Amino acid sequence: MKRQVTIAVLAALAAASTGASADVVGNAKAGQGKVAACIGCHGIPDYRTAYPEVYRVPKLGGQNARYIESALHEYQKGDRKYQTMHANAVSLSDQDIADIAAYYAAQTPATPNNPYK
Ligand code: HEC
């Protein structure tokens, strides 16, 4: 009996750690409306910001949607540490993350209205 409870708890923990995102489907069109806050850093020419100091920002356009999703979940939980990205990620829902990931994954250098993504 006790053993079954343990197994149930472990199963619940496993489900929680993979997140609810498994059945959330990203929508690139919806994502386009959710990246305004990201463009200031991730959409600059040459991916180099100059304030307050010069630093490189990773290019998101064309990256794998799953990779972008897991990176955002990691920033959210603090598993991947980067203060500004943590601040950005905590305000996003699982649906936001899936939409944004789908949006960025769909970008190519030739995407007309997004030359920098
Ligand atoms: C203040 C600047 C800034 C803003 C705003 C910002 N980011 Fe970032 N982002 C960064 C930096 C710098 C990194 C690299 C951090 C690191 O080394 O982990 C990063 C990393 C990432 C990564 C991981 C990329 C990779 O190649 O590993 C993703 C995904 C990401 N950001 C998504 C977003 C999204 C989505 C938004 C908007 C909701 C956003 N960022 C807003 C600066 C920013």
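Predicted model: local features only at pLDDT ≥ 70, side-chain atom pairs only at ≥ 80, totals over all residues.

User: Which residues come nearest to the ligand?
Analyst: Out of 18 residues around the ligand, the nearest are Cys38, Cys41, Pro58, Ala71 and Tyr82. Two or more shell residues come from each of α3 (36-42), α4 (65-77) and α5 (83-90).

User: And where does the largest share of the shell come from?
Analyst: From α3, which gives five residues.

User: OK, zooming out. How many helices and strands does the protein chain have?
Analyst: Six helices and two strands. Reading from the N terminus, the order is α-α-α-β-β-α-α-α.

User: What share of the chain is buried?
Analyst: Buried residues are 17% of the 117 in the protein chain. As for contacts with a separation of 6 or more, 69% of them link residues 24 or more positions apart.

User: Back to helices. At what angle do α4 and α5 pack?
Analyst: At about 100°, and their axes are 8 Å apart. An angle of 65 to 115 degrees counts as roughly perpendicular, so that's how α4 sits relative to α5.

User: Which residues make that contact between α4 and α5?
Analyst: On the α4 side there are Leu72, Tyr75 and Gln76, and on the α5 side Met85, His86, Ala89 and Val90. By class, the contact of α4 with α5 has five nonpolar residues, two polar and no charged.

User: What else is Leu72 in contact with, leaving aside neighbours within four places in sequence?
Analyst: With that exclusion, the list for Leu72 is Ala89, Leu92 and Ile97. Leu72 also turns up in the largest nonpolar core, which has 14 residues. Ile68, Leu72, Ile100, Ala101 and Tyr104 are the ones touching the most other members there.

User: Which helices supply at least two residues of this core?
Analyst: α4 and α6 (94-105) each do. The most comes from α6, with eight residues.

User: New topic: where is Leu60?
Analyst: Leu60 is in the loop between β2 (55-56) and α4.

User: Is Leu60 buried or exposed?
Analyst: Buried, because 24 other C-beta atoms lie within 10 Å of Leu60, and 20 or more is the cut-off.

User: How far apart are Leu60 and Ala105?
Analyst: In sequence they're 45 residues apart, while in space Leu60 and Ala105 are 7.6 Å apart, C-alpha to C-alpha.

How values were computed:
Residues numbered from 1 in each chain as written. Near = placed C-beta within 6 Å. Helix = DSSP H or I, 4+ residues; strand = E, 2+ residues; numbered from the N terminus. Axes fitted to C-alpha atoms, helices over the stretch in contact; angles between N-to-C directions. Parallel < 35°, antiparallel > 145°, perpendicular 65-115°, else oblique. Contact = placed C-beta atoms within 7 Å. Nonpolar A, V, L, I, M, F, W, Y, C, P; charged D, E, K, R; others polar. Buried ≥ 20, exposed ≤ 12 C-beta atoms within 10 Å, placed from the backbone. Core = buried A, V, L, I, M, F, W, Y, C linked by C-beta atoms within 7 Å.
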